[in-house]
Amino acid sequence: IEVSIEDRIGHVTLNRPKVLNALNRGMIREIVTVFDEFDLRDDVKVIVLTGKGRAFAAGADIDEMADDDAIRMELLNQFKDWDRMNQIKKPVIGAVQGFALGGGFELALSCDLLFAAEDAKFGFPEINLGVMPGAGGTQRLTRLMGKTKALEWLWSGEMMSGKEALHYGVVNRLIAPELLLEETFQFARKVAAKPALSVRLIKEAVEKAEDYTLAEGMQFERKNFYLLFASEDQKEGMKAFQEKRKPSFKGR
Ligand code: CAA
């Protein structure tokens with residue numbers, strides 16, 4: 001992977017273009033290790049994940065898996081690093097060009113927002129390999145598009161165009177390929193300028209909406225709302241409104 005920080009955006013680029021950024025275990029560990037570092041750094045407000053070459057990522061590395069056996073995988077606990085991805089508190093925006101297949105699609109779906117180039121192709125071809133998604137694909141796709149549609153894609157193993165992905169709510173935006181990075185970073189900068197604690201607690205509350213009952217979710221939201229009144233940014237935001245000036249947020 002390649003890693004950089006610019007304008008308060010932490011940027012991770014998948015960088016195995018010769019194998020369409022096939023994700024081996026070392027790469028997943030590297031990604032999540034950098035995400036963890038970004039999550040703790042004061043100079044990073046938003047994380048952007050992109051792929052180099054003609055794919056975002058064409059799946060888990062088949063060469064690494066081909067000779068694996070069930071017990072070895074269980075003992076390796078190989079999805080532990082994927083699970084760590086769900087613990088990231090800062091916004092993660094994925095920008096997908098070309099293929100996002102199998103584990104690559106799952107990695108894309110683990111981002112909070114997805115921007116896609118018009119040439120993006122999403123899919124779960126695992127069925128053609130005699131397996132199935134293992135890093136959240138069946139769960140995340142079903143939550144996005146419902147059971148019947150998800151099954152159609154998962155059973156057929158066919159690729160979904162960027163347009164279809166937009167239609168099903170899988171991606172936020174469809175963008176001309178040459179503008180993908182620019183537009184993604186533009187949006188990332190917009191979020192990076194917001195009060196960071198609000199951004200963080202909104203993410204936390206929205207994630208609960210998937211697992212909590214409405215009443216539980218409302219309670220959770222309320223506590224986060226109250227919590228923000230302990231922040232300097234709440235004092236500053238409301239004072240600036242009353243004084244008719246632009247607020248200066250500190251992320252505290
Ligand atoms: N693992 C390992 N290598 C891969 C790969 C993968 N997932 N995807 C592509 N590559 C390699 C190819 O083997 C090829 O390498 P060589 O040049 O050394 O032969 C190189 O990347 C370029 O790929 P192609 O020549 O195949 O390119 P193409 O344009 O003809 O086809 C493609 C593109 C349709 C995406 C095709 O590469 C493909 O079908 N890839 C595999 C997709 C797949 O099955 N993904 C699911 C993996 S399983 C999984 O992800 C499990 C999970 O849930 C965690």
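## Strand β3 and its neighbours

Strand β3 and strand β5 (residues 92-96) run parallel and are joined by four bridges; helices (H or I, at least four residues) and strands (E, at least two) are DSSP runs, numbered from the N terminus. Two strands are said to pair if DSSP finds at least two bridges between them. Within β5, Ala-95 is the bridge partner of Thr-50.

The model is predicted: local features need pLDDT of at least 70, side-chain atom pairs count only at pLDDT 80 or more, and totals for chains, interfaces and linings use all residues. Residues are numbered from 1 along each chain as its sequence is written, and side-chain values use heavy atoms, with hydrogens and water left out.

Strand β2 (residues 9-14) also pairs with β3, in the parallel sense, over six bridges. His-11 stands opposite Val-48 in β3. Together, β2, helix α1 (residues 25-40) and β3 make a right-handed β-α-β unit; right-handed means that, with the strands pointing away from the viewer, the path from the first strand over the helix to the second runs clockwise.

## Burial of β3

Strand β3 (residues 46-51) is mostly covered, as six of its six residues are buried. Buried means under 20% relative accessible area, exposed over 50%, and partly exposed in between (1.4 Å probe, protein chains only).

In a regular strand the side chains alternate between the two faces of the sheet. Val-46, Val-48 and Thr-50 point one way from β3, whereas Ile-47, Leu-49 and Gly-51 point the other way.

## Helix α2

Ile-62 lies in helix α2 (residues 62-65). Ile-62 is partly exposed, with a relative accessible area of 43%.
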